[in-house]
Amino acid sequence: MNVSLNWLKQYMDISLTSDEVSELLTDLGLEVEGMEHVGNDLAGVVVGHVLECEKVPDTKLSLTKVDVSGESPLQIICGAPNVAAGQKVVVALVGTTLTFSDGKSLTLTERPVRGMVSQGMICAEDELGLGTDHSGIIVLPESTVVGTPAKEVFGLEKDVVFEVGLTPNRSDAMGHLGIARDLAARLKVHHGGGDVRLPDVSAFKVDSTALPIQVAVEDTEGCPRYSGVCIKGVTIGESPNWLKNRLAAIGVNSINNVVDITNFVLHEIGQPLHAFDYDKIGGASIVVKTLPTDTKFKSLKKNELGENVVLNLTNEDLMICDADSTGMCIAGVIGNPTEGVSATTTNIFLESAHFNGKRLRRTSFYHNTRTDAAKTFEKGTDPNVTLFALKRAALLIKELAGGEIASEVVDIYPKPIDNPRITVNFENVERLIGQKFDNRYLKKILAALDMDIVETIDSETVVVSVPTNKSDVLREADVIEEILRIHGFNNVPMPNQIRSAIIETDRIDRNRVKNLIADFLASNGFNEAMALSLSQSKFYKNVELVDNERLVYVNNTSNVHLDIMRPTMLVSALEAIAHNQNRQSADLRLFEFGKTYLTEGEGFEETAHLAIVVTGSQTGESWRAKNGGAADFYTLKTYVTGILGRLGIGGLQETSISNAQFAFGLKYHRGAQTLVEFGKVQPKLRKAFDVKQDVYFADFQWDNIIKALKNAKVGYSEISKYPSVRRDLALVLDTSRTFGEIAQIAQKTAKKLLKDVNLFDVFEDETKLGAGKKSYAVSFVFEDKDKTLGEKDIEKVMSDLIGKFEKDLGALIRR
C-alpha cells in the first residue's frame, strides 16, 4: 500500500521528517518497505508572455522576445511550430534543471544558436515531465499572470511516498485516515498533540428528489449494509490538479472527475465506492442478489486481445442487478462496460456498501479479478463508515462535477453491527508484553485508540468498546496487541537474563537427520533442488503415474497452469533435469526433501519424501574414461545403500519392481512398509519432458525412514589385530536370481565370521552355461576378532555356504 506524506498532512499536523515518519510507522506495525521522493516543483520555471516572434530564415526556428517579469525581456530561440506573439507560455530560465518524461535531465545555459543567443527555453509538456506530448509548446490562458511560478499554475508539489507492507489483519489502516489515526495515537501518548482532522460532511443535504431509486437487498448475509444516493446534472470532465496529484503520488491513474473521486475516497477512508450511470439502471431499481450458476456476465476485465472478458458466474457471486435482474456489477469486484460513468453521463447513482469479505474474496479469486476494491473488502471494511464515505464523495462530486443531490439517502442496514465489547485485565497486559505499566498510562493508550472504557469491573479490569473499523480485534489478546503497537515494540526493554530448560528426549530429531543426509549427499557431489509443491494436471492425463481421481486441485490465480498440488516427486525431478539440460548442464546429481499430496477419502494425504536423481556422466570427460562413465542403476544403488548405511538401517527385504515410474528397479521394505523405491525411469516419461538421456531416480518414504530409525543403530569397533581371509566362488544361477539373495543367505549362514561379500564379475553365455543361466563371481571375506582363522574354519563355513546356495538357489558351483 502506498501512503503519501502530503496526503497525511491534510488530516494532522506533522513536524517530523520523512525518515522519522517512516521509523514511526514501522514501529507501529505498519512496516515501511520502501520510501520514494516523488513530484517536481519546477523550480526556475515561470509564466512568460511572448512579445515578439519572427521566423529565422532557412530554418524551422523562431526568434522570440519573452517577458517573464524580469528586468528586461529574454531572447529565446524556439523550434515549436505553434509559438506565436501574444501567447502566455511556460519558460525555463537559465540555470534551471529540467527532468523530461523519459527520465533524462538537462541544465539550461545561455547558448548560441545560429549566431544568436538563447536565454532560456519555452517548454512543451514532455520537457517539464508533465506528460508525453511534444507536438508543441504549452499555451496558457490569457488570464495567467506573467512571472507566476509554474508549480502554482499546475498545482505541483514534491511528496514522499511510503510503501507500507500492510498485513491482512490491518483493515483499519487501508486508507490515509487510518494511517493518520495510528500516527496520531502514537503522538498523543508519547509527544502530545496528534489530533486528526476529519473531512467535514456537515454541508451534505438533499437538494431534490428528482431521481427516485428503489433498492432491495435479497442477500443480507453477503451485503449486511447498503447505502446510496443519486446525483443529478453532473458534468464529466478532467479532475483538478490537486486530485490528480494525490492519486498519481500513490500510483493511481486519473480517469475522470467522478471516478477519480471514488478512488480518492477509497484511499482516504478505506471505503470502496461505485458510481453507476443512473439513466442505464433498468427500472431505476437496484437489487442485491445472486444469479444462477453459469449466468454470463460481460466484465470490464480485458483479455490479451483487448476484448472484454465474459465471466461464468457461480450461485455464490453477489451481484448488483437492476429491475430486470441484469447484472450490472459483481459486488465489490468489477463492473460491466455499460453501467459505469462515461463522458455522456449526467446523472449518477453512488453506491457505498459493506460486503461480506470472505465471500467476496472467493469470488475475486475464482474469477481471477483482483481490484483495489476487492482487496479492501476482503480485509474487512467498517460497516459503520458507509454513510460518512458516501457524503464525503457526494460533496466532492458537487464541488468538482456540479449537480445536486437528487434523492433521499438509501441506507439498508437490517442488523446494525455494534462495537465489540472486550474485557481487558491490566495484569494480562503486563504478562503478555513483559513490562510493568501504570494503569493510567494504559487507559491513555486506549483513549488514543478510540477504545472507550464502558465499564470498570475493578482496579485491574475494564470493559472496552472496540471501533468496528478494527475488524480483527475480537479478543483480549488483540486489544493488548493494539496497546503494544502504540506503546512501541522498541520501547519494551530487553531482559537482563534469559531462562531456559534443558530437556532430554529420546524422540528422533527430524531436522538433524535431514541435515545429516543432506551433508552426506552434498559431500558426494549432489546439489539440492527446491521445487514448487504445485504442478500441472496435464502431466498426469496421459501417464498413469497416480490415480487421477486423487489429484488435489487448487484455484491458483497467479499461475493458472499450476493447478494441482504435486502427487509425485518424479515430475519435479524431470523438470529440474530438463531445465538444466536446456542450459547445457546434463551431468546431474540432485536431491530434494519435499512433500506430495493426494486426496484420501474426505480428507488429504500429505507425505514426506527424499528424492534423489542421477543422470549423465559421473565424472565428466576425461582421457581415463570416455564420456566420463555414464551413470547407471548401480550408480544410484550405491547412493541409496550409502544413505541407509549412514542411518544404520539394515535387514531390509528386497523386491524387484517395474511400474509406471520405473522400467526396472528395486524396492527395499519391511513387510508392507516401503522405505525406498529406486530404478531406471521409464523412457516414455523422460521423453515427455524432452530429457534426452537415461534417468535414475530414487524415492525415499521419509516418514517410514524416520520410523525405522527407532530400532537402527550405528556402531563402531576397533580394527581387528587378526588377519582376514578371502575366498571366491563362481555360482551358476538362473537369470532371475539376484546378488541380493546371495548376500542375504551369506549373512544368515556365516554372520559371526563374514565381514564382507561382494560381486566382482557376471558372465552370461548360453553355449557354455545353457539357456536362462548366468555366472556370478562372488568374494567372501571372513574374520574372527578373537583369533586367527584356520583352514578348517574356512572350509567349514564355505561348505555351509555352498550347501545353502545349492539348496535355496539351485546354484551350480563352478570349480
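Arg-186 is buried, with a relative accessible area of 6%. Keep in mind as you read that this is a predicted model.

Let's start with the partner of Arg-186. Its side chain meets that of Asp-27 in a salt bridge, at 2.7 Å from N to O. Asp-27 belongs to helix H2 (residues 18-27) and Arg-186 to helix H4 (residues 176-190), so this pair ties together parts that are 159 residues apart in sequence. Asp-27 is buried as well, with a relative accessible area of 9%, which is under the 20% limit for that class.

Side chains of opposite charge can pair when their charged atoms come close. In this model the count comes to 37 salt bridges.

| Asp-27 | Arg-186 | 2.7 Å |

Glu-316 sits in the loop between strand S19 (308-312) and strand S20 (318-321), while Arg-362 is part of helix H7 (residues 357-366), so the pair ties together parts that are 46 residues apart in sequence. Glu-316 is partly exposed, with a relative accessible area of 29%, and Arg-362 is also partly exposed, at 42%.

As for the last pair in the table, Asp-728 counts as partly exposed at 40% relative accessibility. Arg-726 is partly exposed too, with a relative accessible area of 46%.

Salt bridges also link residues into a network, made up of Arg-170, Asp-172, Asp-182, Lys-470, Glu-482 and Arg-485.

Now to the nonpolar side of the picture. The largest nonpolar core has 78 residues. Those with the most contacts inside this core are Phe-162, Leu-183, Val-265, Ile-397, Val-429, Val-464 and Val-479. To take one of them, Val-429 is in contact with Val-424, Gly-434, Phe-437, Leu-442, Ile-480 and Ile-483, leaving aside its neighbours within four places in sequence.

Finally, have a look at helix H18 (residues 739-749), where Phe-739, Ile-742, Ala-743, Ile-745 and Ala-746 are buried. These residues cover an arc of only 165° around the axis, so they lie on the same side of H18. What covers them includes strand S39 (725-734), strand S40 (754-763), strand S41 (773-782) and helix H20 (791-809).

Key
Residues are numbered from 1 along each chain as its sequence is written. This is a predicted model: local features need pLDDT of at least 70, side-chain atom pairs count only at pLDDT 80 or more; totals for chains, interfaces and linings use all residues. Side-chain values use heavy atoms; hydrogens and water are left out. A nonpolar core is a set of buried Ala, Val, Leu, Ile, Met, Phe, Trp, Tyr and Cys residues joined through side-chain atoms within 4.5 Å. Buried means under 20% relative accessible area, exposed over 50%, partly exposed in between (1.4 Å probe, protein chains only). Contact means heavy atoms within 4.5 Å. A salt bridge is a side-chain nitrogen of Lys or Arg within 4 Å of a carboxyl oxygen of Asp or Glu. Helices (H or I, at least four residues) and strands (E, at least two) are DSSP runs, numbered from the N terminus. The arc is that of the directions from the helix axis to the C-beta atoms.
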